[in-house]
Amino acid sequence: MKLINLITLIIAVCFANLASAQKLTVQSPNKKISVELVNQQNVNTGEWSLKVSHTATDKSTEIIPKVNLGLLRSDQDFSNLTFVSAGKPVVINEKYNVVHGKKSIATNTANEVTVYFQNTAKAKINLIIRAYNDGLSFRYEFPDKQGS
């Protein structure tokens, strides 16, 4: 009986690790904004999207339910993507000059994660996700530097 329980536990841990590999979360520095990377089919390949939630007074509210990811370039289709890996979270501290306003220098703080994908033709595309205390941003990067 103990052997069956042990085997069941090992299988459960393996499936939990597999499922956690399909989703990635980036939180703002104040932990109020969460950006989740989600695969619709719950596998490593397919359509990906971002889901954004806001937490206030211990209650989480989904503010953007789905932002479809992927794009079509003149030479490649980046809509069916395979997850390769995700980088470690990086804290971003920016200081910049403001043209108008009460202060001449503004600051911005965010947490950033780069997610590495490839398409069916093995062309690479990176998704850089930033979660700020007052919003989020994401952008695509093409490390191969080909196409338009």
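**Before the close-ups: a few words to know.** A residue is called buried when its relative accessible area is under 20%, exposed when that area is over 50%, and partly exposed in between, using a 1.4 Å probe and protein chains only. The model shown here is predicted, so local features need pLDDT of at least 70 and side-chain atom pairs count only at pLDDT 80 or more, while totals for chains, interfaces and linings use all residues. Residues are numbered from 1 along each chain as its sequence is written, and side-chain values use heavy atoms, with hydrogens and water left out.

**View 1. Asp-75 and Arg-73 meet in a salt bridge.** A salt bridge is a side-chain nitrogen of Lys or Arg within 4 Å of a carboxyl oxygen of Asp or Glu, and by this rule the count comes to 4 salt bridges. In this one, N and O are 2.9 Å apart. Asp-75 is partly exposed, with a relative accessible area of 39%, whereas Arg-73 is buried at 12%.

**View 2. Arg-73 also lies over the face of Phe-142.** Here the distance to the ring centre is 4.5 Å. A charge sits over a ring if NZ of Lys or CZ of Arg is within 6 Å of the ring centre and within 35 degrees of the ring normal.

**View 3. Glu-94, Glu-112 and Arg-130 are joined into one salt-bridge network.** Strands, which are DSSP runs of E with at least two residues, are numbered from the N terminus. Glu-94 is partly exposed at 29% relative accessibility, while Arg-130 is buried at 13%. Now follow Arg-130 to Glu-112, where the closest N and O atoms are 2.5 Å apart. Glu-112 belongs to strand S10 (residues 105–118), so its pairing with Arg-130 connects parts 18 residues apart in sequence. Both Arg-130 and Glu-112 are buried.

**View 4. Trp-48, Phe-83 and Phe-117 are linked into a cluster by ring pairs.** Rings of Phe, Tyr and Trp (its six-membered ring) pair if their centres lie within 6.5 Å; planes under 30 degrees apart count as stacked, over 60 as edge-to-face and the rest as tilted. The count comes to 5 aromatic pairs. Among them is the tilted pair of Trp-48 and Phe-83, 6.0 Å centre to centre with 35° between the planes. Trp-48 sits in strand S4 (residues 48–56) and Phe-83 in strand S8 (residues 81–86), 35 residues apart. Both Trp-48 and Phe-83 are buried.

Methods:
Helix = DSSP H or I, 4+ residues; strand = E, 2+ residues; numbered from the N terminus.
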